[in-house]
Amino acid sequence: MWTYAKTNWVREYFTPLAYNRIADNLRYLTELAFQLYEPWALEAIPRLDGRSIYVAPVFNAIEDTVKGLMKHTLQPEGAQAPKHLVANGKTWDYQDVNRIEETAFLFHGILEAQKRNRKTLQFTLGGDYFG
């Protein structure tokens, strides 16, 4: 289920709750993309709790999911390229969180519109004899 993206981060404390909301939104977008596009291999995004340690692979799971959406669906206008974090390097700041949230928000609008507007053919099997 999609939870409205927060795109006005400023110098705030980033919590596991915020991370999990972003991760859940990206899981939702990936499931939606898999309905509309050919599925691709994707690593699981971990869930965090109050005891979790924020390490590069945790952030890269989010970045890699965004990269996969851009590579296998489309690249929304205004979306910024994902980053790759390294061990003992710089982690996300509020600008990175805004970048991720804004990109997810763009994908949400586009993928939902594609789902609503895709052409379908409705018919009933087992009806009258086709002779």
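The structure is a predicted model, in which local features need pLDDT of at least 70 and side-chain atom pairs count only at pLDDT 80 or more, while totals for chains, interfaces and linings use all residues. Residues are numbered from 1 along each chain as its sequence is written, and side-chain values use heavy atoms, with hydrogens and water left out.

Two packed helices are described by the angle between their axes and the distance between the axes. Here, helix H2 (residues 56-72) and helix H3 (residues 94-117) pack at an angle of about 35 degrees, and their axes are 11 Å apart. Helices are DSSP runs of H or I with at least four residues, numbered from the N terminus. Axes are lines fitted to C-alpha atoms over the stretch in contact, and angles run from 0 to 180 degrees between N-to-C directions. From H2, the residues Ile 62, Glu 63, Val 66, Leu 69 and Met 70 make the contact, and from H3, Arg 99, Ile 100, Thr 103 and Phe 107. Contact means heavy atoms within 4.5 Å.

Glu 63 lies in helix H2 and is buried, with a relative accessible area of 0%. Buried means under 20% relative accessible area, with a 1.4 Å probe and protein chains only. The side chain of Glu 63 is joined to that of Arg 99 by a polar contact of 2.7 Å. A polar contact is a pair of N or O atoms within 3.5 Å; within protein, one must be able to donate a hydrogen and the other to accept it, and residues adjacent in sequence count only if both atoms are side-chain atoms. A polar atom of the Glu 63 side chain also lies 3.0 Å from the backbone nitrogen of Lys 83.

Asp 96 lies in helix H3 and is likewise buried, with a relative accessible area of 4%. Its side chain makes a polar contact of 3.3 Å with the side chain of Lys 90.

In soluble globular proteins, nonpolar side chains tend to be buried together. A nonpolar core is a set of buried Ala, Val, Leu, Ile, Met, Phe, Trp, Tyr and Cys residues joined through side-chain atoms within 4.5 Å. The largest such core has 31 residues, of which Phe 14, Tyr 19, Leu 26, Leu 29, Ile 62 and Trp 92 touch the most other members. Helix H1 (16-36), H2 and H3 each supply at least two residues of this core.

Technical notes
Buried means under 20% relative accessible area, exposed over 50%, partly exposed in between (1.4 Å probe, protein chains only).
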